[in-house]
Every structure is written in C-alpha cells, then in structure tokens.
Amino acid sequence: SVRCLAALSPEMRETLDKVVGSSKVLLFMKGTKDFPQCGFSHTVVQILRSLDVPFETLDVLANEALRQGLKEYSSWPTFPQLYIDGEFFGGCDITVEAYKSGELQETLEKAMCS
Amino acid sequence: MGVTKEDVEAAITSALSPSNLVVTDTSGGCGASYEIEVVSEKFEGKRLLERHRMVNTALASHMAEIHAVSIKKALTPAQAQPQAQPEPAADKPQA
C-alpha cells in the first residue's frame, strides 16, 4: 500500500495532541537525553539540565512517521523541537536565545506552577 | 547540485527584503549548513518564534536539501542599532 508520509493524518494529530500534553516539558530530539545524536539536540538537553527542570525526550530518529508528522504539527522544519505546557516553544536557536534572555526560565516557571 | 549560499541569500532577500543579511556557510563536510543573521523591517512587532518561522518559510523549498540552518539573529532595524541596552532591574528579588 502507498502511504503519504508528508500528510499529517487525523490519527497522528490526535496522538501528538496527547503526547505533547503528557508532560510539562517535552523535547523531540535526535537521539536520547543520554546519547544525543546531534549537536543542536545536545545543546537543548544541556540547557534544560542546567535549569534543573524535569523533562521528557522522544527520539525522532527512532520513528520516521513521528518525525515527518511533527514537522507539520509544529510547522517547524527541523529538530530539536521543545514543547512547554503543550505549546511549541521553539528549536535550538530560539531556546538558546530565550535561555540567555531569561525568557526560558520564566516560561518554565510559569509552566511548572500551572 | 545542492543549495548554495547564493540560493539561501536570494530566498531570504526576496521574502524579507532585509536591510542587512549575513549568510555563513558552516558545512563541515556533512552537507549544506548555514548560519543566518537577518535585519528586516518585516520583523517589527513579531516575536522571536514568529520571526524564525518567517525565515524558515522563506527557505521552505530548499529545506529538504539543507542539512542545518541556524538563525543567529533576527532583528528589526531599530534593534540592530548599536545602542546601549537598558539593564534589567537588578533589584528584583530572585524567587
């Protein structure tokens, strides 16, 4: 059978709604927390660690359908993708910038207390 | 033939008419990889996420061939002026 990988199916959308709502801080990344497979993913893991915030990660390299579906779901073409409180926060550059400005800490604090 | 630095510059220029644009080729042999700094009036009133989305959208047709894009700066012309940044209030108690 032929499947269109580019299309975000209603089932996939529903699944992703649940997944991003399942933890306060969720990072879709290449590799895992302990073994990031890409420098950009590694950077975001380091930032979250340094802020001492509990977070979950999902490896998009282990699931091609998840990887393609998420690009559409987030309207974001690359990984890592950071979700805070069920909302897309940004990729690596935005996270680094927000970390430097203090906006990331603020957003995380708000999320943890909500 | 993959995406060149000129392709990236052309795509951003036509979408965002930047007053300043620096595209740096950072590919370390693993494919097309670029760092981008953009100053554009079109960023006025837009949050950082929205600004990055605008750059990504401009590059959408090239994205499949690009290994990595890093948007280092997305500023408005006013923000790009070399002026003293107001210091954040230092007397705010930390929680």
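1. The model is predicted: local features need pLDDT of at least 70, side-chain atom pairs count only at pLDDT 80 or more, and totals for chains, interfaces and linings use all residues. Residues are numbered from 1 along each chain as its sequence is written, chains are lettered from A in the order in which they are written, and side-chain values use heavy atoms, with hydrogens and water left out.

2. A:Asp52 likewise is not a glycine and has a positive phi, of about 60°. Its position is the loop between helix H2 (39-50) and strand S2 (56-59) of chain A. A:Asp52 counts as exposed because its relative accessibility is 70%.

3. A cis peptide bond, with omega near 10°, leads from A:Phe79 to A:Pro80. A:Pro80 belongs to the loop between helix H3 (64-74) and strand S3 (81-84) of chain A.

4. Turning to the interface, 13 residues of chain A and 12 residues of chain B take part in the contact, defined as heavy atoms within 4.5 Å. The two chains bury about 1,000 Å² between them, 61% of it on carbon and sulfur atoms; buried area is the accessible area (1.4 Å probe) that two parts lose on being put together, summed over both. In chain B, the residues that lose the most area to chain A are B:Leu48, B:Leu49 and B:Arg53, together 40% of what that side buries.

5. The count between chain B and chain A is one salt bridge, that is, a side-chain nitrogen of Lys or Arg within 4 Å of a carboxyl oxygen of Asp or Glu. B:Arg47 forms a salt bridge with A:Glu103, with the closest N and O atoms 2.7 Å apart. On the side of chain B that touches chain A, helix H2 (48-58) and strand S3 (68-75) of chain B are the elements that give two or more residues.

Terms used
Helices (H or I, at least four residues) and strands (E, at least two) are DSSP runs, numbered from the N terminus. Buried means under 20% relative accessible area, exposed over 50%, partly exposed in between (1.4 Å probe, protein chains only).
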